[in-house]
Structures are given as C-alpha cells and as structure tokens.
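Thanks for coming. I have one structure to go through today, so let me put the sequence and the model up.

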Amino acid sequence: MTGTRIDKWLWAARFFKTREQASKACDMNRISSNNLSAKPSREVRLGDMLRIKNEAGEFEVEVLALSQQRGSAAVAQTLYRETEASKEARRKAAEERKLLGPIAYAAPSKRPSKRDRRLIHSFRGDY
C-alpha cells in the first residue's frame, strides 16, 4: 500500500470518531499535509507531516504507518509520532486552561417570571 485517503487515516489513527468528522475537518481547512491544505481524498504517505486541529488541541505528527481500518488505541498510536514542539505547545495550553479555572456562573437573583419562562421556552424550541 503506497497511500491512504487522509480522512480514512485520521479516523484509523483515532483523531476523529467518524470518517464524516474527519472529512468535515479537511473541508474546514483544519488539516494540512506538508504545509498544504488537505482535502478528504488526498493521499497520505509514509513520512508526511500533518497538522491536525480538533477538540483535543492542535497536533503536528509524522506518519509512520498506513491503515485503512480502525483498531485499538494502542495500534492507532503506532501510526504516527507527535513532534516535541507539538507536545510542548499542547502542555502549555493545558496549563493555561488550568490556571484560568472554571468559568464562573452567576445564578439569577430571582426566579423567572411567566414572561421570562415563555422566552426561555421559545429560545429552547420547547413550544
């Protein structure tokens, strides 16, 4: 096997839960291969450098192996190697989030009135 579709590889390497999510990430320019924006059908080859942005953070990885099927997490980790700069950047971002602490929530001072409750329900789409 000389290459694999990038959306299949991202799914097999467990960066995304579904191929559809991986494909959408490619369409939204969150995936770049060798500093070029990647479309879902782009082929991934051994040695390619990928920049991946997802909910967990921003990864910069080198492709070590190809796979078209999803395996266990242990198998998925053998498909790539994350660069040291990427690991350090993600660690710093995690520390910053930890220092900010939880987002403060200010409870309302009183119960909602009948009008307020109607607005809440219409906003949620309950009615």
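I'll start with a definition. Two aromatic rings from Phe, Tyr or Trp count as a pair if their centres lie within 6.5 Å, and for Trp the ring used is the six-membered one. The angle between the planes gives the type of pair: under 30 degrees is stacked, over 60 is edge-to-face, and the rest are tilted. Keep in mind that what you see is a predicted model.

With that rule, ring pairs join Trp9, Phe15, Phe59 and Tyr80 into a cluster. The count of aromatic pairs comes to 4. I'll take two of them in turn.

One is Trp9 with Tyr80, which is edge-to-face, with 6.3 Å from centre to centre and 75 degrees between the planes. Trp9 sits in helix 1 and Tyr80 in strand 7, so this pair ties together parts that are 71 residues apart in sequence. Trp9 is buried, at a relative accessible area of 0%. Tyr80 has a relative accessibility of 18%, and since buried means under 20%, it counts as buried too.

Another is Phe15 with Tyr80. Here the ring centres are 4.9 Å apart and the planes stand at 45 degrees, so the pair is tilted. Phe15 comes from the loop between helix 1 and helix 2, while Tyr80 is in strand 7, so this pair ties together parts that lie 65 residues apart in sequence. Phe15 is buried as well, with a relative accessible area of 8%.

Now let me step back to the whole chain. The protein chain has 5 helices and 7 strands. Reading from the N terminus, the order of elements is β-α-α-β-β-β-β-β-α-β-α-α. The radius of gyration is 21 Å, well over the 14 Å that the globule rule gives for 127 residues, so the chain is more spread out than a compact globule. Along the principal axes, the C-alpha atoms fill a box of roughly 65 × 35 × 30 Å. Of the 127 residues, 28% are buried. If you take contacts between residues at least 6 apart in sequence, 44% of them join residues at least 24 apart.

Next, the strands. Strand 5, residues 49-54, pairs with strand 6, residues 57-63, in the antiparallel sense over 6 bridges. These two strands form a hairpin with 2 residues between them. Within that pairing, Lys53 stands opposite Glu58 in strand 6. Strand 6 is also joined to strand 7, residues 80-82, by 3 bridges, and those two run antiparallel. There, Glu62 is opposite Arg81 of strand 7.

On to the helices. Which residues of helix 2 are buried? In helix 2, residues 19-27, they are Ala22, Ser23, Ala25 and Cys26. Seen down the axis of helix 2, these buried residues fall within an arc of 160 degrees, so they line one face of the helix. On the other side of helix 2, Glu20 and Asp27 are exposed. The cover over the buried residues of helix 2 includes helix 1, residues 6-12, and strand 2, residues 31-33. After helix 2 comes Asn29, with a positive phi near 60 degrees.

At 1.5 Å a residue, the 17 residues of helix 4, 84-100, should span 24 Å; the end C-alpha atoms are 25 Å apart, which agrees. Helix 4 is followed by Gly101, whose phi is also positive, near 75 degrees.

At 0% relative accessibility, Thr4 counts as buried. Leaving aside neighbours within four places in sequence, Thr4 is in contact with Trp9, Arg42, Glu43, Val44, Leu66, Ser67 and Gln68.

Cys26 is one of the buried residues of helix 2. Ile6 and Leu50 are 44 residues apart along the chain, and their C-alpha atoms are separated by 9.7 Å.

How values were computed
Residues are numbered from 1 along each chain as its sequence is written. This is a predicted model: local features need pLDDT of at least 70, side-chain atom pairs count only at pLDDT 80 or more; totals for chains, interfaces and linings use all residues. Side-chain values use heavy atoms; hydrogens and water are left out. Two strands pair if DSSP finds at least two bridges between them. Helices (H or I, at least four residues) and strands (E, at least two) are DSSP runs, numbered from the N terminus. Buried means under 20% relative accessible area, exposed over 50%, partly exposed in between (1.4 Å probe, protein chains only). The arc is that of the directions from the helix axis to the C-beta atoms. Contact means heavy atoms within 4.5 Å. The expected span of a helix is 1.5 Å times one less than its number of residues. The radius of gyration is taken over C-alpha atoms; the globule rule is 2.2 Å times the number of residues to the power 0.38.
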